[in-house]
Amino acid sequence: MLSNTRVDKVGVEERVARFQTRSIKNEAKKQGLHMVLNMIDLTTLEGKDTPGKVQQMCYKAQHLHDVHPGLPTVAAVCVYPSMVAVARKALGNSSVKIASVSTAFPSGQSTREIKLSDTKFAVDQGADEIDMVISRGKFLEGEYNFVFDEIAAIKEACGKARLKVILETGELCTLDHVRMASEIAIHAGADFIKTSTGKIQPAATMQVTYTMLMAIKDYYDQTGIMIGMKPAGGISTAKLALHNLVMVKEILGNQWLTNEWFRFGASSLANDVLMQLMKTESGLYQSPDYFSID
Amino acid sequence: MAKKNTTNSQTEWNYAASPESTSHIRLEKKYQLFINNEWVAPSSKKYFPTINPATEDVLAEIAWANDADVDLAVKAARKAYTEVWSKMSGAERGKYIYRIARMMQERAREFAVIESLDSGKPIRESRDVDVPLACNHFFYYAGWADKLEYAMPHKKPEALGVAGQIIPWNFPLLMAAWKIAPALAAGNTVVLKPAETTSLTALKLAEIIKDAGLPPGVVNIVTGYGDTGAAIVNHPDVDKIAFTGSTTVGKIIQRAVAGTHKKTTLELGGKSANIIFDDAPIDQAVEGIINGIFFNQGHVCCAGSRLFVQENVADLVIRKLKARMESLYVGDPLDKNTDIGAINSKEQLDTINKYIKIGKAEGAEIYQSDCSIPSKGFFCKPTLFTGVSQSHVITQEEIFGPVLTIQTFRTIDEVIQKANNTPYGLAAGVWTDKGSRIFNLTTKLRAGVVWANTYNKFDPVSPFGGYKESGIGREGGVHGLSAYLK
Amino acid sequence: MEILKTYKIYIGGAFPRTESGRYYPIVDASGSTIANVCLSSRKDVRNAVVAARKAFGGWSEKTAFNRGQILYRMAEMLEGRKLQFLEELTKQGSSKEAAAQEVQESIDCLVYYAGWADKYQQIASSINPVSSSHFNFSALEPMGVIGMIAAQETSLIGLVKLLAPAICGGNTVVLAASEALPLCAVTFAEVVHSSDVPGGVVNILTGKVSELAPAMAAHMDVNALVSESLGELDKTLALACVDNLKRNIVYQQGTTQGLPYITALQEVKTTWHPIEQIGGASSSY
């Protein structure tokens with residue numbers, strides 16, 4: 001089942017550098033920045049999260065910068081299972097989706113039973129999407145079947161919710177591992193694969209995202225089935241986000257350039273994108289003081 | 001009102017044009033010969049136009065040197081050698097070369113834009129590859145000038161005298177740097193002739209040489225066609241000929257200097273094998289194939305123009321290769337998003353098209369990427385041929401364009417034999433995850449440069465040059481110095 | 001009754017007569033014939049090149065240590081046959097003292113290059129610190145089949161000084177003996193033959209330089225032509241070398257010994273390979 005595809009890191013770095021030399025200007029930039037905003041999973045995943053914090057973020061998710069009409073909403077908010085109900089209420093009938101992390105996020109160090117009930121709880125509370133973590137310890141032990149079975153079990157528990165599988169690539173240490181874990185997740189039923197929890201550095205480097213996109217591409221070429229991609233953690237500038245879109249476009253094509261298939265997991269990206277967008281409109285460099293923090 | 005949550009998946013996202021500005025470059029209408037740090041009108045009184053191959057617009061008129069002009073340049077070089085340069089300490093020579101490197105860096109963007117205008121190569125390459133490598137080459141050899149005795153153990157190294165240097169159009173500035181820097185470091189003086197389609201950056205380099213205060217006559221730049229080059233080769237007072245170009249012309253030069261005291265180094269053609277094993281990092285190998293054949297429109301003597309893929313991964317590699325070719329942008333060399341620029345000249349485009357025709361006539365299966373190419377200027381779509389064998393003309397002869405031939409193989413012995421089955425021996429590529437196999441191959445491939453799990457990498461410290469009919473001698477690194485010392 | 005030696009040529013580890021059936025007499029100072037030697041032809045050159053090419057793979061891939069051992073073995077064999085060489089040299093007109101010196105020098109020369117076999121690579125190769133995440137090194141590789149014209153004015157030492165650095169460096173050789181003084185060349189072939197040198201690594205022909213040298217220069221499967229300056233012939237040979245861009249190495253008369261004689265017959269090969277962690281790659285990917 002696994003392709004045993006090898007990944008040469010230096011070659012990946014060279015390839016990724018090429019994406020970064022693409023120059024995105026004028027209309028292409030405006031269009032790209034709109035897409036980025038619309039692909040964001042606006043995230044808060046902290047021990048100190050409170051209903052108040054989540055409510056404020058949910059409002060921001062729908063009203064990115066109301067002084068400027070015509071902006072999209074973000075794709076989703078991403079919260080802990082205990083905050084799903086709060087988010088559900090705050091979002092009302094908005095089309096912004098609710099993603100919830102589960103499976104003893106972020107370490108994943110718990111029992112299958114707890115991970116399943118964690119997932120079911122989030123779904124029952126109204127989550128549209130589940131962001132699970134894989135068992136990295138088991139993966140590094142070579143217990144690939146365990147990792148596979150666990151993902152498959154969670155997928156079943158998700159019901160109608162879409163499943164994003166977090167590889168936590170910062171703990172997998174090599175791109176060969178990233179590639180292999182991507183394939184395991186895809187074959188076990190992931191709807192999306194996602195780089196990181198945001199709790200471990202390095203997170204969504206372009207090298208890692210590239211490697212995962214190539215796994216998605218190969219799977220698509222073999223089966224015709226599309227898998228989504230979510231880099232998360234470390235993408236905080238509009239420029240880096242656009243480079244990611246360039247990469248998606250050139251590897252997977254325009255087909256993937258929608259929040260159906262591509263997401264950014266980020267908390268501070270949106271405002272930088274907004275500032276860039278306002279700069280392209282007005283020609284003036286912007287100050288953060290004019291953009292709300294929620 | 002609920003805002004729209006999903007983008008329209010039918011929307012195409014295309015990059016807007018992003019042309020590099022040409023406002024800061026300075027070009028004369030007419031360029032004279034650079035002799036003795038002066039701009040000298042050619043005694044032939046003849047000039048020829050140099051054009052932008054992407055638009056066919058004339059960029060400038062260039063002086064056409066004849067025998068008398070070349071004689072003047074050689075005399076200047078000889079005088080500078082005897083009276084100044086050979087008497088100067090290595091450390092002082094080095095300072096001049098360092099100064100050239102620094103001034104080139106300062107004007108790097110101007111050089112990159114002019115290089116792209118005159119040669120057709122994409123600005124991404126002239127900006128990120130040609131110009132920085134050219135600067136670094138001067139930096140590297142500057143430091144050798146006062147350390148020559150360490151380069152040649154047990155010899156007292158001495159300069160040769162006047163070096164005649166003839167360079168090609170594929171890397172105009174970089175090749176000038178490859179030639180001039182080691183020659184000066186070793187204590188020679190220089191008469192350099194750029195290729196007739198790409199004289200401009202060498203002439204801009206002449207401006208820097210003058211600004212850097214090099215003693216008059218140390219570097220002379222004479223422009224012209226093949227007859228100008230022949231005048232250099234046949235001049236009795238030239239001690240060394242360094243040539244980069246075709247094997248055919250290399251042989252003409254070698255015959256011309258037979259029986260004379262002139263030393264030669266030749267960097268000539270190639271038909272290099274790029275070999276992909278089934279355990280290779282496939283996606284990086286595909287990048288290596290792309291970089292191997294489409295870098296600089298395939299106008300690269302060490303281009304990986306013969307691809308060998310192990311049979312059990314051939315379908316996969318070819319599918320991925322075709323997909324990757326579709327993401328290459330062909331067009332305006334000055335656009336920062338262009339991957340493949342213009343073919344250097346009408347003549348070269350005709351040659352490439354001739355080989356594409358031959359390939360089709362030989363029954364090979366052609367695939368070209370689906371991109372559009374500009375209606376004006378000289379452009380060629382990225383092209384590959386499958387269903388070819390060693391016996392096809394297109395796998396034997398150097399095409400010097402974006403045309404790849406793909407053969408499959410079953411065993412390691414077979415591929416070594418086929419890779420070496422050519423009169424050339426410039427470069428080779430090997431892609432496999434297995435270390436012991438890499439060393440087996442890199443040892444057995446008869447080529448001067450072997451890239452393992454990479455391709456088309458260059459560096460001033462890295463010696464470059466061919467076996468067999470790909471040339472004689474090395475350029476770059478410590479080994480490149482001996483070409484200019486006795 | 002003395003048994004006279006038949007002087008044959010040496011191709012692919014065997015001692016055939018020239019395929020042409022021709023010979024030329026070698027006469028001493030008094031004008032009497034000492035020996036009839038083979039007047040080798042272009043076809044002998046061709047056969048010798050085929051043998052040398054066939055032997056190249058095995059010889060170049062032998063370990064450097066092993067090649068050094070074999071060169072040392074050649075010195076031992078030459079030492080054991082000293083008397084025969086002394087006799088041939090004096091027959092060909094050398095004084096006893098000069099002959100003794102020439103044989104001793106030849107033995108010493110073989111010992112000298114025996115020692116170089118596993119050292120020249122260390123001196124002449126380099127690790128090149130490129131500005132990217134790659135390991136890059138340049139190493140020497142033998143050029144291949146070398147055509148050689150032995151020094152004309154000596155019978156033994158001149159050929160040893162050309163031959164030893166070539167085979168020390170893993171090349172195989174087709175050598176034309178001194179035209180006027182060929183006897184030691186043939187006897188040296190017997191030294192080679194008894195020294196664990198694989199057949200075809202060294203091939204020795206006798207005959208006219210004006211016939212053999214152009215044949216070697218024009219042969220498309222010869223990688224380099226080495227000689228001491230042959231005067232007028234130099235230009236003709238240089239021109240003939242161009243067709244396959246054969247390396248054409250012409251030494252001044254009186255070849256000495258040293259590292260440059262080895263490296264002159266080596267190609268520099270530069271190899272690149274990526275390094276996973278270098279140069280600013282601060283993340284663990």
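**Nonpolar cores and a buried strand**

In this predicted model, Leu205(B) contacts Ile100(B), Met104(B), Phe111(B), Phe138(B), Leu173(B), Ala176(B) and Ile180(B), with neighbours within four places in sequence left aside. Apart from the core described next lies another core, of 93 residues. Among its members are Val16(A), Leu33(A), Ile227(A) and Val246(A).

The largest nonpolar core comprises 113 residues. Leu205(B) is one of the residues with the most contacts inside this core. The others named with Leu205(B) are Ile100(B), Phe138(B), Leu184(B), Ile276(B) and Leu321(B). Helix α6 of chain B, residues 172-185, supplies the largest share of the core, eleven residues.

Strand β10 of chain C spans residues 266-274. Eight of its nine residues are buried, that is, under 20% relative accessible area. The strand is therefore largely enclosed by the rest of the structure.

Strand β10(C) pairs with a strand of chain B and with a strand of chain C. Strand β17 of chain B, residues 449-452, runs parallel to β10(C) and is joined to it by three bridges. Strand β4 of chain C, residues 134-142, runs antiparallel to β10(C), and nine bridges join the two. Thr271(C) takes part in both pairings. Thr271(C) is the bridge partner of Val450(B). Thr271(C) is also the bridge partner of Phe137(C).

Key:
Residues are numbered from 1 along each chain as its sequence is written. Chains are lettered from A and ligands numbered from 1 in the order in which they are written. This is a predicted model: local features need pLDDT of at least 70, side-chain atom pairs count only at pLDDT 80 or more; totals for chains, interfaces and linings use all residues. Side-chain values use heavy atoms; hydrogens and water are left out. A nonpolar core is a set of buried Ala, Val, Leu, Ile, Met, Phe, Trp, Tyr and Cys residues joined through side-chain atoms within 4.5 Å. Buried means under 20% relative accessible area, exposed over 50%, partly exposed in between (1.4 Å probe, protein chains only). Helices (H or I, at least four residues) and strands (E, at least two) are DSSP runs, numbered from the N terminus. Contact means heavy atoms within 4.5 Å. Two strands pair if DSSP finds at least two bridges between them.
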